[in-house]
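Have the sequence and the 3D view open as you read.

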Amino acid sequence: MSKKPGEIRYPHLFSPVTIRGKVYKNRMKAAPTMFVHANYFIPEISENLYRMVERRAAGGFACVSTGEMPLNFEEARTLFQERKIDFDHYEGKDFEIAKTYADRIKAQGALCYFEFSHEGSRAEESKEPWGPEDWIRDDGVQVKGMDEAMMAKVCDDYYRISKFARACGFDGILLHGGHGFQLQQFISPWTNHRTDEYGGSMENRARFPKRIIEACRAGIGEDRVIELRYSAEDGVPGGMTIDDTVEFCREIDGMVDIIQISNGLKWLGSRTKTFSSFLEPHGLNVEYAAKVKAAVKKSYVSVIGGFNGPEMAEQVIAEGKTDFVEFGRQGFADPAMPNKALEGKEDTIRRCVRCFNCYPGFCEHPTDIPLWEKIGPEAAQKIYSPASMGSCAINPKTGFGFYPETLPEPEGSRKVLIVGGGVGGCQAAVTAAERGHQVILCEKTDRLGGTINFTDKDEDKADLMNAKNVIIRDALNSGAEIRMNTEVDKALIDEIRPDAIIIAVGAHPFVPPIPGIEKAINALYAYDRMDELGREVVIVGGGLVGCEVGLHIANHGHNVTVIEMLPMMANETFGYYRNALLTEMDNRNMKQILQAKCLEFTDDGVRIEKDGKEYLIPADSFCFSMGMRSNDDIVNVLKEAAGDIPTWVVGDANHAGKVADAVHGGYLAAMEIV
């Protein structure tokens, strides 16, 4: 899609606005996606953290924020914080670390925010956290209710860190008061039961948050911007509602320059919609933001939540529901999204699929098991380490521990043969072509896309379908020679005489030797055979594929029962993705039978064994999903045919995995060809 000369396809989105002398060149802001204090304690990812914000600034966002910084090392102490950071001296190492963020963002033409927060009673590493009132948390930690001296100390800390941000050169601050943090705790009737001047009426509950905002203004100055991030609702019974939030926003109207509407609670990030999944609508907080915008007269309003492209952002601004749109995980998927939208290249944007590859989150569904119990503390620590986060499934140039320049540069242009046109093969073609190689990609069918072409028919997977299509389009436009309906054999290899071969021939469904299995449809093939399914459908195999296909079938009016041998569904995934998946299975009334062995598919149903007894689960139709197996036979034949030619095996052909494995595997294989 190309735009006409002089045309601005998104006039509201690209309309500049000036606040306190700071010019926002458009209405798109890059929201924080990583703790800024990680830069102080994990030096191996320091440069990558700078590049994260730098790329977003270079990509055209009007404003880029750092990730949250804990307010102090005492009662606000949180994860990864190993020592006190010096906010009082405007020179030295601590100052330079923060200042470098501002310098590198502004050098790319964007405004910059310094984000900080106080998690109040939920401060994770504080031995004695402070909140609106005394209580004992579920983990046994005693929370102290704040008195005047404690409030004065916190306000002074807000003043000092705001003044520090000014000295560093930031254009503004992002005061994180939402997600169940300290400000929200004072406003929410769920967490504030005080009977003094800080409890009861909204005027009283807002008293301390307003003192905090005043302290921030005194520190940052009149010529810098204050943006407040705040949740629309707590999302729990008896918690703060949008009506409370609107009332609070009226209290602080004009005290902050921008009110950013998010949602929920950090420690229930999936269940309270702080982090939206692929099963939730895009822009899920828009109507909340619209209510705030209708209520305030002096402050601008911004909204975050599930945005991954310019179209909806333009629409909600044009409709007057918000003034700005914040993009979070989209900054990993494609930091150049604003520039691509401005240039009319929307069809090249890699749009976030909300898969939580960049940030896995934590267990919330009642059936989940903490990862350190499931796979062990050491393995879990690797996944939850900051160095392992930030890796995008569809953008291989990501990951807080990844530096592309550490890989070797090509010594010359090589002829590269890629066997297989799934997303792994297509990404390999894109990367190899970018590195100056002569690329020939052969796909044995008449379609590129491979296994995930099922997304064309799964309404829940619209974003993954789009990502797949963008990767295919990138391959078609890369300059690579694409040969369809072409099966690679020794004769073709001898004819092409490549210098390197990347094998991306995928995997096939495993068919277990269960009596009567010929009566069943493999789950991945069910998308093309929906008209054959009866009212009652049983899926044997409750892994990720079985559960997701089950959702699709249930969404089309069938009653679905999933049978799984293990004690939990979707055992191979965890955290926010699994939370969303299992919650949606509950919402769609899918029956689940755990720790059951399938004995036979019969004409009347599926015969299972559970707890030492046999049962017949009646069904009209059956599906099975017992995992995938790499196409090792094809790989071995190709390797033998290649002889001495260097080969790489990527994606499912190497190990049956996820989209991220294929995309990153294809990229890395191409990067290693010199």
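## What Asn72 holds on to

The side chain of Asn72 has a polar atom 3.0 Å from the backbone nitrogen of Glu74. The Asn72 side chain also reaches the backbone nitrogen of Ala76, again at 3.0 Å. For a polar contact, look for a pair of N or O atoms within 3.5 Å; within protein, one must be able to donate a hydrogen and the other to accept it, and residues adjacent in sequence count only if both atoms are side-chain atoms.

This is a predicted model, where local features need pLDDT of at least 70, side-chain atom pairs count only at pLDDT 80 or more, and totals for chains, interfaces and linings use all residues. Residues are numbered from 1 along each chain as its sequence is written, and side-chain values use heavy atoms, leaving out hydrogens and water.

## Where Asn72 sits

You'll find Asn72 in the loop between strand 5 (69-70) and helix 3 (93-107). Helices (H or I, at least four residues) and strands (E, at least two) are DSSP runs, numbered from the N terminus.

Asn72 is buried, at 5% relative accessible area. Buried means under 20%, exposed over 50%, and partly exposed in between (1.4 Å probe, protein chains only). Leaving aside residues up to four places away in sequence, Asn72 touches Arg77, Gln81, His118, Lys153 and Asp157, where contact means heavy atoms within 4.5 Å.

Cys363 is in no disulfide either, with its nearest cysteine sulfur, in Cys547, 16 Å away.

Cys358 is buried at 9% relative accessible area, while Cys363 is partly exposed at 28%.

Terms used:
Disulfide = S-S within 2.5 Å.
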